[in-house]
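Please walk through the structure shown below, one region at a time.

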Amino acid sequence: MRHQDYPPSLSGTSAHKVDPEQWFDQLPLLAAQFLAEHHRPLVTVSYAQSVDGSIATRNREQLRLSGHQSMVVTHRIRAACDAIVIGINTLLIDNPLLTVRLADGPNPQPIVLDSQLRIPLQARLIERSDLSCWVACTEKNDPERISAVEDQGAEVIRCRRDRQGRVDLPHLLQQLGERGISSLMVEGGGQVISSFIEARLADQMIITIAPRLVGGLPVLDRPAVNNGAQLYLNSPTYQPCGPDLILWAQPQWQDP
């Protein structure tokens with residue numbers, strides 16, 4: 001079997017378990033080196049799930065899984081990263097602010113993946129006064145709709161379409177790199193997480209596991225790997241955090 005190597009900037013740590021505190025300390029330098037070498041941000045996929053892998057109820061209602069202590073860690077990750085991205089479905093359901101409230105540090109640049117530009121003009125992310133929201137859509141969108149979104153203070157990033165007609169993630173990450181974004185936190189939802197993993201654009205995985213059984217929607221909304229490939233989480237670190245367990249690991253794909 002052929003193993004996909006880590007990007008060179010991560011290869012030095014690929015054989016070692018991640019120390020969470022060292023990760024926070026080292027991220028700025030590691031992300032800057034990664035951007036210089038790969039011309040895209042270093043991507044950290046971080047989300048909370050139940051023991052049975054659910055991230056939402058079956059009818060897609062918001063599901064609060066993390067305890068307070070693990071939420072503090074999540075907000076530290078937000079503060080450590082230059083930008084944070086969610087999908088339009090998460091915005092429509094949760095209408096989040098994506099700010100740092102439980103930890104010290106700056107708010108990350110909010111980004112919404114919104115291929116068809118469905119974002120409500122009254123969304124809280126658009127109404128934020130500290131940072132204008134960046135909305136990533138495909139090039140095939142109504143210019144009047146783009147103008148309406150930008151008139152509310154948001155900034156629209158036009159991206160190529162992938163084969164499914166969605167925002168092409170490599171093109172988006174290239175544009176983010178050109179804007180100086182060196183570290184990106186992917187927080188959800190399932191379709192966005194699946195897309196980054198499927199495109200092999202996840203460099204670090206931080207998964208909070210809550211001691212609950214939900215029987216809801218799984219984190220992966222489709223197979224994350226194809227053609228017999230398998231995804232392994234390499235050299236995991238397990239961090240107890242209140243009632244939760246946080247898994248830190250680097251993804252490694254194995255091709256048949």
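A crossover between two strands is called right-handed if, with the strands pointing away from the viewer, the path from the first strand over the helix to the second runs clockwise. Helices (H or I, at least four residues) and strands (E, at least two) are DSSP runs, numbered from the N terminus. The model is predicted, and local features need pLDDT of at least 70, side-chain atom pairs count only at pLDDT 80 or more, while totals for chains, interfaces and linings use all residues. Residues are numbered from 1 along each chain as its sequence is written, and side-chain values use heavy atoms, with hydrogens and water left out.

Together with helix H6 (residues 143–151) and strand S7, S6 makes a right-handed β-α-β unit. Two strands count as paired if DSSP finds at least two bridges between them. S6 and S7 (residues 155–159) pair in the parallel sense, over five bridges. One of the residues involved is Cys137, whose bridge partner in S7 is Arg158. S6 also runs parallel to strand S5 (residues 109–113), and three bridges join S5 and S6. Here Ile111 has Trp134 of S6 as its bridge partner.

How covered is S6? Buried means under 20% relative accessible area, exposed over 50%, and partly exposed in between, with a 1.4 Å probe and protein chains only. S6 covers residues 134–138, and five of its five residues are buried. In a regular strand the side chains alternate between the two faces of the sheet. On S6 both faces are covered: Trp134, Ala136 and Thr138 are buried on one side, and Val135 and Cys137 are buried on the other.

Cysteines lead to the next topic. A disulfide is a covalent bond between the sulfur atoms of two cysteines. The rule used here asks for a pair of cysteine sulfur atoms within 2.5 Å. By this rule the count comes to zero disulfides. Cys133 is in no disulfide, and the nearest cysteine sulfur, that of Cys137, is 12 Å away. Cys159 is in no disulfide either, with the sulfur of Cys137 as its nearest cysteine sulfur at 7.2 Å. Cys133 has a relative accessibility of 1% and so counts as buried. Cys159 is buried too, because its relative accessible area is 0%.

What does Ser50 touch, leaving aside its neighbours within four places in sequence? Contact means heavy atoms within 4.5 Å, and Ser50 is in contact with Leu65, Ile209, Ala210, Arg212 and Val214. Pro211 is 161 residues from Ser50 in sequence, yet their C-alpha atoms are 6.3 Å apart in space. A polar contact is a pair of N or O atoms within 3.5 Å; within protein, one must be able to donate a hydrogen and the other to accept it, and residues adjacent in sequence count only if both atoms are side-chain atoms. The side chain of Ser50 makes such a contact with the side chain of Asp52, at 2.2 Å.

Some backbone details lie in loops. The peptide bond from Gly188 to Gly189 is cis, with omega near 0 degrees. Gly189 sits in the loop between strand S8 (183–188) and helix H8 (190–198). His39 is not a glycine, but has a positive phi of about 60 degrees. The loop between helix H2 (20–38) and S2 holds His39, which is exposed because its relative accessible area is 57%. Leu117, also a residue other than glycine, has a positive phi near 55 degrees. Leu117 is in the loop between S5 and helix H5 (124–127), and at 2% relative accessibility it counts as buried.

The last stop is a group of aromatic rings. Rings of Phe, Tyr and Trp (its six-membered ring) pair if their centres lie within 6.5 Å; planes under 30 degrees apart count as stacked, over 60 as edge-to-face and the rest as tilted. The count by this rule is three aromatic pairs. The rings of Trp23 and Phe24 have centres 5.1 Å apart and planes at 80 degrees, so this pair is edge-to-face. Phe24 and Trp248 also form an edge-to-face pair, with 6.0 Å centre to centre and 80 degrees between the planes. This second pair links distant parts of the chain, with Phe24 in helix H2 and Trp248 in strand S12 (residues 244–255), 224 residues apart. Phe24 counts as buried at 13% relative accessibility, and Trp248 is buried at 0% relative accessible area. Trp23, Phe24 and Trp248 form one aromatic cluster.
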